[in-house]
Amino acid sequence: RASAPWPTCAPPGTSPAPNRVAPRTAPLATLSPNADRSLASLGGDWGVAVIDPRESTRYEANAEQYFPLASVTKVVILVTLLGQAQDAHRALTAAERDMATRMITVSDNDAAIALWERIGGAAGMQAYLDRTGLQGIRPAPPDHSWGDTEATPRGIATLLVRLSGGELL
């Protein structure tokens, strides 16, 4: 249904390897000549991955370095929740839809905690990542908060491209 705020159930899609999303890699400077210099001038650690699926090209700099995701983890929690529901051939419950909406629209940490537990925490997220072939995302260790999840810029960019292309859900 076009009016549903969250997908209900669809047949699982294919799971191409991350490099099949955009097999060609180009330096970030190819996309933006001053990008590396501008980012380096900010100081600290940084990494960037931009994927252009139309060109089958990844523009990257430090794209394999892991960074803490903090609230960006909420996107991975949501995708995992939706993927698990899809695999079980069920719609999200009203409570799950409510928590997912609050988690994403107002960055509700209590909803994120509840959904983290609902997906099975780090083990549930890792099982989903493994099943879909998503690489470059490390769920938080079991004795840590969901917000301690780490990912590479390439890992998150790949997740978003595959999600927007309809390959994951």
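Mentor: The model is predicted, so local features need pLDDT of at least 70 and side-chain atom pairs count only at pLDDT 80 or more, while totals for chains, interfaces and linings use all residues. Residues are numbered from 1 along each chain as its sequence is written, and side-chain values use heavy atoms, leaving out hydrogens and water.

The chain exposes about 8,800 Å², of which carbon and sulfur atoms supply 54%; accessible areas come from the Shrake-Rupley method with a 1.4 Å probe. Of the 169 residues, 42% are buried (under 20% relative accessible area, 1.4 Å probe, protein chains only). The chain has eight helices and six strands, these being DSSP runs numbered from the N terminus (helices H or I, at least four residues; strands E, at least two).

Three strands form the open sheet, in the order β1-β3-β2 with mixed pairing; two strands pair if DSSP finds at least two bridges between them. At its edges are β1 (24–27) and β2 (48–52), each pairing on one side only. From one strand to the next, the twist averages 25°. Strands β2 and β3 (residues 57–61) run antiparallel and are joined by five bridges; Ala 49 has Glu 60 in β3 as its bridge partner. Across β2 and β3 lies helix α8 (residues 153–164), running at about 30° to β2. Axes here are lines fitted to C-alpha atoms, for helices over the stretch in contact (heavy atoms within 4.5 Å), with angles from 0 to 180 degrees between N-to-C directions.

Conventions:
Buried < 20%, exposed > 50% of the residue type's maximum accessible area, 1.4 Å probe, protein only.
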